[in-house]
Amino acid sequence: MKKVSKKLLLSLAAILLAVAMAAPLEVYADAPYKTYTVDGYEYVTETQTAYLPYKTITKVGEEALNGPTDFTLLEDGTMYILDSGNARVVVSDLEGGLIDVFGEGTLVNPKGIYVTPEHICYVADRDAKSVFVFDESGKLIQTYGKPEHALYGSTQDFLPTKIVVNSAGTMYVICESNTNGIVQISPVEGGTFLGYFGTNSTRANLWTIVWRALQTEAQRARSQSNLPSTPTNLAIDEKGLIYTVTAGERFETLKRMNIAGINMIDPDRYDPTPAAVAVGNHDNVFMASTQGYIYEFNNEGDLLFVFGGGDDGQQRIGLSTRVEAIQIGSDDKIYVLDSEKAQIQIYEPTEFTSLLHQALYLFSKGRYTESKEPLDQVLQMNNLFSYANMAMGRALIQEEDYDKALYYARISKDFSGYSDAFWEIRNQWLKDYLVPVFLVIVAILIIKKVLQVLDRKKGILAGPRKVLERFRNRKLVKELRYMFYFMRHPIDGCYGIKREGRVSLLSTNIILVLGIVFYVLNKYFCGFLLKNVREGSYDIVSDIGLLIIAFVLVTGCNYLICTINEGEGKLKHIYSSFVYSFAPYIVLMPVIFLLSHVVTYNEVFFVEFATMFMYVWILILVFLSIKEINDYSVKDTVKIIGLTLFTILIAVLLAFIIYVLWSQVFEFLQAIVGEVVYRIGS
């Protein structure tokens, strides 16, 4: 029996080995990084791995690279690597096979390279202060030095670091320390300076503006000038559009400029240390940071993926030390040049990314119906991927399936798509129900008129009127109705609160509760176009708690300051006047809430204007209530408000300090208890 079992096991092993040898098996190592995207609510979320490490080129043939700073990848699979440490250009195929080497003896400290489809090679050499041009065989055919033009600047040095060339042969050169912009040089007449292109803008905060205004001429001369930053790197697409990245900028880190130098892209994410930019094959853009993070954006600047990162010394494939350049292959592989490792990292797209690229390309070309199939496959893999949901919603709009389009627009937070779909749905609703609604309104008006006539003749409404009058004359109802009078006549309203007892704590608390309820309803259930919280996310208890704490803090601090400054108001009067000052919120918020559900994106202005009008009205009422309740002048009221705000700040800081100290005491006591338990147990 044992012999039979051994023979059976050996037979099975032989069969499995034969199958394994006959059928090739692809095995992918897990990526040493996570991939993230941004959802419609601007939250960074983890998603499927977009690109996997594929290969690393450490040598070209037997030639080792030394501090490479740039490279160019052509469609025919040829790579031109700028081997800066050896002052030469190394030509390679996609597998790292050596094709050619040239530039030795000519190049000094090359920093940037660009190669045309005809294999004409342009090299920006910083220390040589020149742009060298080599033909397809590696022979030097042209040299461009500093432009001899008055507009270039006689004192401005020419230190080229990066270069691209358009189809007409015009060179776009980034020069170190040249804050005027990208240098444009035409090949005509041995190099003609055309001007500066794509100059970065400067920004100054309010404090800088005020500080410089207060400085003397001598101080301003010694202080650091607010000069625009020099671009870090650039790329060019087949249409001749220039892409730049600029390190250290918070705004417009990545730019796509037309022929007039106007930026046409505004990414929703930025990196403070961008190293390079590359144009993809599907109307997408890639940006690599110095630390090794790779960003992929769509044509409008929406972030699709960010992945990669810095190597911690373990030499893991897919992680970088210092990125210098990035290129995209015709097969969508990403090639990243690492100068410190002296190697090129290659990443290949996963199935998820390939499907997304297919949909991305079709969608950008307006072929919405065709994009639905790959989008549907993407959503089967990740039904929360924001861009795919947005694109699916837009495709459904084109097919006039507006109800489903609303669903996808809500998931992706696509305001524009939601507005377009809702516009169509609302128009259809008006076509179907406008006449019936009009007839109902006319019928109601007719019935009202008939009842009024019958009431004058027969008195049929006398009974209901008496009941209504008795209800309106109830003390609590009169106190609640008083807020309408307070809104229109705040000065007299404050007198009624202070001298006539027109309100009570009960009515005041009811109005406060109504205000809190309206706030919560509007925050979580208002129209989609005005909603600022994530769908399905509720934190109602915290909201109510914060509102109550804020109101108690404001009321208490104001009462304290008014008492110190001889204010006449009692705590009850100040509290009631503050609450009644929010009467416009109670009256207008339900109207604003309803409007938020029926407006489109182009009509949101009306809701925003109504909201602003409401808050201005409230501020005026609060100001007048502080003035009238305490019998202050306008000047004294302004002073009291300033002191109240300062007191609130002190109270918040004190609470924070107490919280920090208590947390430390609690941790200390917890540690003591844990130690005691440990010693007793041992």
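1. Let's start with cysteine 526. In this predicted model, cysteine 526 has a relative accessibility of 7%, so it counts as buried. Cysteine 562 goes the same way: its relative accessibility is 1%, so cysteine 562 is buried too.

2. How many disulfides does the structure hold? The count is 0. As a reminder, a disulfide is a covalent bond between the sulfur atoms of two cysteines. The cut-off for a pair of cysteine sulfur atoms is within 2.5 Å.

3. Glutamate 189 isn't a glycine, yet its phi is positive, at about 55°. That deserves a remark because most residues other than glycine have a negative phi. You'll find glutamate 189 in the loop that links β16 (182–186) with β17 (192–197). Its relative accessibility is 77%, so glutamate 189 counts as exposed.

4. Glutamate 400 also has a positive phi without being a glycine, here about 65°. Where does glutamate 400 sit? Look in the loop between α6 (386–398) and α7 (402–412). Is glutamate 400 buried or exposed? Its relative accessibility comes to 58%, so glutamate 400 is exposed; the cut-off for that label is over 50%.

5. Now for the chain as a whole. There are 17 helices and 27 strands in it. Taken along the principal axes, the box filled by the C-alpha atoms is roughly 105 × 95 × 80 Å. The radius of gyration is 35 Å, whereas a compact globule of 682 residues would come out near 26 Å. Please keep that pair of values in mind when you describe the overall shape.

6. Of the contacts with a separation of 6 or more, 53% join residues 24 or more positions apart.

7. Last, the surface and the charges. The chain exposes about 37700 Å², and 60% of that area comes from carbon and sulfur atoms. What is the tally of positive and negative side chains? The chain carries 62 positive and 73 negative ones, and the centres of these two sets are 16 Å apart.

Technical notes: Residues numbered from 1 in each chain as written. Predicted model: local features only at pLDDT ≥ 70, side-chain atom pairs only at ≥ 80, totals over all residues. Heavy atoms only, no water. Helix = DSSP H or I, 4+ residues; strand = E, 2+ residues; numbered from the N terminus. Buried < 20%, exposed > 50% of the residue type's maximum accessible area, 1.4 Å probe, protein only. Rg over C-alpha atoms; globule rule 2.2 N^0.38 Å. Contact = heavy atoms within 4.5 Å. Areas by Shrake-Rupley, 256 points an atom, 1.4 Å probe, with all protein chains shown as cover. Lys, Arg positive; Asp, Glu negative; His and termini not counted. Charge placed at Lys NZ, Arg CZ, Asp CG, Glu CD.
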